[in-house]
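Dear colleague,

I am handing over the structure below, together with an account of what was found in it. Please look through it with the notes that follow.

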Amino acid sequence: MREVRVRFAPSPTGALHIGGVRTALYNFLLARKHQGKMILRIEDTDQNRYVLGAEEYIKEALSWVGIELDEGPDIGGPYAPYRQSERKTIYSEYAKRLIENGHAYYAFDNTEELEAMRNRLKEKKGANPQYDSTTRMEMKNSLTLSKEEVDKRIKAGDHFVIRLKVPASEEVELNDLIRGKVVVHSSQIDDKVLMKSDGMPTYHLANVVDDYLMKISHVIRGEEWLPSAPLHVLTYRYLGWEKEMPAFAHLPLLLKPDGNGKLSKRDADQMGFPIFPLNWTDPKTNELAEGFKERGYLPEALINFLAFLGWNPGTEQELFSVEELISAFELERIGKAGAKFDIQKAKWYNQQYLRAKTDEELARYLLHDLKELGIVCDKEKAASIANALRERITFPSDMIELGRFFFIAPETFDEKIAAKKWNDEAVAVISSLKDEIAIIENLTAEAAASILEQVTARLAIPQGKIMQALRMALTGGASGPDLMITMAILGNHEVSTRLDYALKTLGRK
RNA sequence: GGUCCGUUCGUCUAGGGGUUAGGACACCAGAUUUUCAUUCUGGCAACACGGGUUCGAUUCCCGUACGGACUACCA
């Protein structure tokens, strides 16, 4: 088997879409599984759509999710350059070769003429209005014009494109690794533009030429390319490269969560979830789109989730490290149908991966958020708070939300609990507890439990009846982590001042 | 419109000529947790439809419906 060399070939027209991340991931997994090479190629042949910063964003995003590149712009490699704009001269050489061997031709038609042709064809029912074997002889190109005329026009600097001469009637076959045999009749394919009038190649030429020159073994890309894949097969054939043609695998699309259709930024915005891996500020509108990273998604969770959108190992294991994904991954196990983007599942993965972290790791997130709020906290305390909160978080930022009361004493209390649970019994226990705790040296969770035990026993009040009130007095809220642990973290001084405050503001009844 | 691709619980999916059609997320209920969350147990819930082929089809074939992608000098 030939060396596995795969490429991820985005065009730098904006932020990297989450679907693109999945495509990159599948490429990466295949490369690693076979000790092959993962290549990044920037497809920047459309100068009009070029967005500043997009390439940098793509590289940062890939790096954040852990997709490592073996070759690419900046990194370099044996087939550099990896930016198509820097390979410009290469393509025209091959386009000329196609003209010479009769599989391509110059075309001089301008936009108006093309439109006129399409309109003309639209009138005739049934016909697909396209530049192809049925229409090219009616157009202005090197097939209809004399050689002298063609030379004259080129010399005069007339704008021209180079088109592939697609045969009139031929079955074009392609064996897709995911979908099996796909057959398209050549009459359905139009004479695609290979070289644009600005001298840049189109995707169709550039992708074939580069994949060949870069010795790409597998083309793994989105399903939107399937209809033009036969055209690429033809191009390989006419360039004499059919034997070296890479294997194709067209990935099912990522669909919007409700209804149908390709997942778009609009959908994500509407449903309130990110669609880009990292924050992205649109240079045109200056609008900021929040990324998965900034939302609190862990890269390993995102990757696991993404890997399972359209692929599965056939076992019942759901949690996979990148290493496990690499060894389990198989192109053949990728499904054919589009997958709806279920953010709920993504959250679940995040929760799983977050929980697997140590208290110290979680504490680091907490400390970061605290710093932003200007709150000082030592590592040990942060770690014990993280430990108390770990079972109830989906995102790192949940800790600061759920644990805010550890740092900021409540000023108001949950009204429901205050109304229902703040009664004579609660007041009796709490005031007694306050006095006991105030004089203790080191308030551990065990000590807190035993003091509470003693107080409630002495007053003959069941603990269950006052716990809610106690929690409310301490935290202001109605729910939270284990109360004894909460008290231990708060410390005896803070506990007694908070209880004191509650007794004073809510009254002793 | 044309071409291509697709269709198993609400979602991601396993499976495959004879199965109680399996798992996960979500949801619901119960247990534990004196709260909430966790955890555990249980529950709800699917082979788009119609024809074939076959002793038997959700699985194979053909249609239909529905959905999607593509249909640029964009990728």
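In this predicted model, 25 residues of domain 1 are in contact with 28 residues of domain 3, where two residues count as in contact if their C-beta atoms, placed from the backbone, lie within 7 Å. On the side of domain 1 that touches domain 3, the elements giving two or more residues are α1 (18-33), α2 (54-65) and β9 (247-251), and the largest share, eight residues, comes from α1. Helices (H or I, at least four residues) and strands (E, at least two) are DSSP runs, numbered from the N terminus. By class, that side of domain 1 has 18 nonpolar, three polar and four charged residues; here Ala, Val, Leu, Ile, Met, Phe, Trp, Tyr, Cys and Pro count as nonpolar, Asp, Glu, Lys and Arg as charged, and the others, Gly among them, as polar. The C-alpha centres of domain 1 and domain 3 are 19 Å apart.

As to the bounds, chain A is divided into domain 1 (5-73 + 206-254), domain 2 (89-195), domain 3 (265-355) and domain 4 (363-506), and these come from an automatic or database domain assignment. Residues are numbered from 1 along each chain as its sequence is written, while chains are lettered from A and ligands numbered from 1 in the order in which they are written. Because the model is predicted, local features need pLDDT of at least 70 and side-chain atom pairs count only at pLDDT 80 or more, whereas totals for chains, interfaces and linings use all residues.

Turning to RNA strand B, there are 60 residues around it, of which E43, S197, A337, M467 and S479 come nearest; a residue is near a strand if its C-beta atom, placed from the backbone, lies within 6 Å of it. This surface divides into 18 nonpolar, 24 polar and 18 charged residues. At least two residues each are supplied by α4 (111-123), β6 (180-185), β13 (339-340), α12 (343-355) and α19 (463-475), and α19 gives the most, with five.

Helix α19 also packs against helix α17 (residues 424-438), at an angle of about 60° and with the axes 9 Å apart; axes are lines fitted to C-alpha atoms, for helices over the stretch in contact, and angles run from 0 to 180 degrees between N-to-C directions. The contact is made by E425, A426, V429 and I430 of α17 and by K465, I466, A469, L470 and A473 of α19. Those residues divide into seven nonpolar, no polar and two charged.

Two backbone details may be worth a look. The peptide bond from A80 to P81 is cis, with omega near -5°, and P81 lies in the loop between α2 and α3 (88-100). Q35, although not a glycine, has a positive phi of about 50°, and its place is in the loop between α1 and β2 (37-40).

With regards
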